[in-house]
Every structure is written in C-alpha cells, then in structure tokens.
Amino acid sequence: NVAFVPDATEATIRALLQQAGVEIVSGPSALGLYGLNVIEGTTPSAAQEVLRAADDVVESVDRTD
C-alpha cells in the first residue's frame, strides 16, 4: 500500500511507478491508500526501496505480503 503526497502530479506518480516496477491495482481507499502489485521481473524489496526513496512523491509505504 502506498500514499502519495497531496500535491504529487499524475505524471510524477506514473513515472515513479514505472521506475519502481509496480502498478496500481486498487484505490484510493477512504484513507487515500493505493494497492500496488509488482510487475514481472521486479522484486517486492526492490520496488519498496525505490518507493521509499521517493519521499518527495510518496508519503508512506507499507508492504503487505
């Protein structure tokens, strides 16, 4: 699950998701969370690392297996 900063643009979010190798599969929830799945060839750990490093776009990341 991921929450994006309120002022993140769709283009910025899309570029980050591509870089992280993930896709949105649900959301946003009532709390503003999006469910993500890793794309084939990407590991959850690698995706999480990219998302956590993007603190200018991502407000929170919570890995659920």
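The largest nonpolar core has 14 residues, and Phe4, Leu51 and Val58 make the most contacts inside it. A nonpolar core here is a set of buried Ala, Val, Leu, Ile, Met, Phe, Trp, Tyr and Cys residues joined through side-chain atoms within 4.5 Å. At least two residues of this core come from each of E1, helix H1 (10-20), H2 and strand E4 (58-61), and H1 gives the most, with 4 residues. Helices (H or I, at least four residues) and strands (E, at least two) are DSSP runs, numbered from the N terminus. In soluble globular proteins, nonpolar side chains tend to be buried together.

This is a predicted model, so to speak of local features takes a pLDDT of at least 70, side-chain atom pairs count only at pLDDT 80 or more, and totals for chains, interfaces and linings use all residues. Residues are numbered from 1 along each chain as its sequence is written, and side-chain values use heavy atoms, with hydrogens and water left out.

Not counting residues up to four places away in sequence, Val58 touches Val2, Ala3, Phe4, Val5, Leu16 and Leu51, where contact means heavy atoms within 4.5 Å. Leu16, for its part, sits in helix H1 and is buried, with a relative accessible area of 6%. Buried means under 20% relative accessible area, exposed over 50%, and partly exposed in between (1.4 Å probe, protein chains only). With neighbours within four places set aside, Leu16 is in contact with Val50, Leu51, Ala54, Val57 and Val58. The C-alpha atoms of Leu16 and Leu31, 15 residues apart along the chain, are separated by 21 Å.

The ring centres of Phe4 and Tyr34 are 5.4 Å apart and the planes stand at 55 degrees, so the pair is tilted. For this label, rings of Phe, Tyr and Trp (its six-membered ring) pair if their centres lie within 6.5 Å; planes under 30 degrees apart count as stacked, over 60 as edge-to-face and the rest as tilted. Phe4 belongs to strand E1 (residues 2-4), while Tyr34 is in the loop between strand E2 (22-26) and strand E3 (35-38), so the pair ties together parts that are 30 residues apart in sequence. Phe4 counts as buried at 11% relative accessibility, whereas Tyr34 is partly exposed at 23%.

The loop between E2 and E3 also holds Pro28, and a cis peptide bond joins Gly27 and Pro28, with omega at about 5 degrees. Another proline, Pro6, is in the loop between E1 and H1 and is exposed, with a relative accessible area of 76%. Pro6 and Val57 are 51 residues apart in sequence, yet 8.6 Å apart in space, C-alpha to C-alpha.

Then there is the largest pocket. It is lined by 15 residues, of which Asn1, Leu36, Val38, Arg63 and Thr64 lie nearest its centre. H2 gives the most to this lining, with 4 residues, and E3 and helix H2 (44-53) each supply at least two. The lining divides into 8 nonpolar, 4 polar and 3 charged residues, with Ala, Val, Leu, Ile, Met, Phe, Trp, Tyr, Cys and Pro counted as nonpolar, Asp, Glu, Lys and Arg as charged, and the others, Gly among them, as polar. A pocket is an open set of points on a 1 Å grid over the protein atoms alone where a 1.4 Å probe fits, with protein on both sides within 12 Å along at least five of seven lines; lining residues have an atom within 4 Å of a point.
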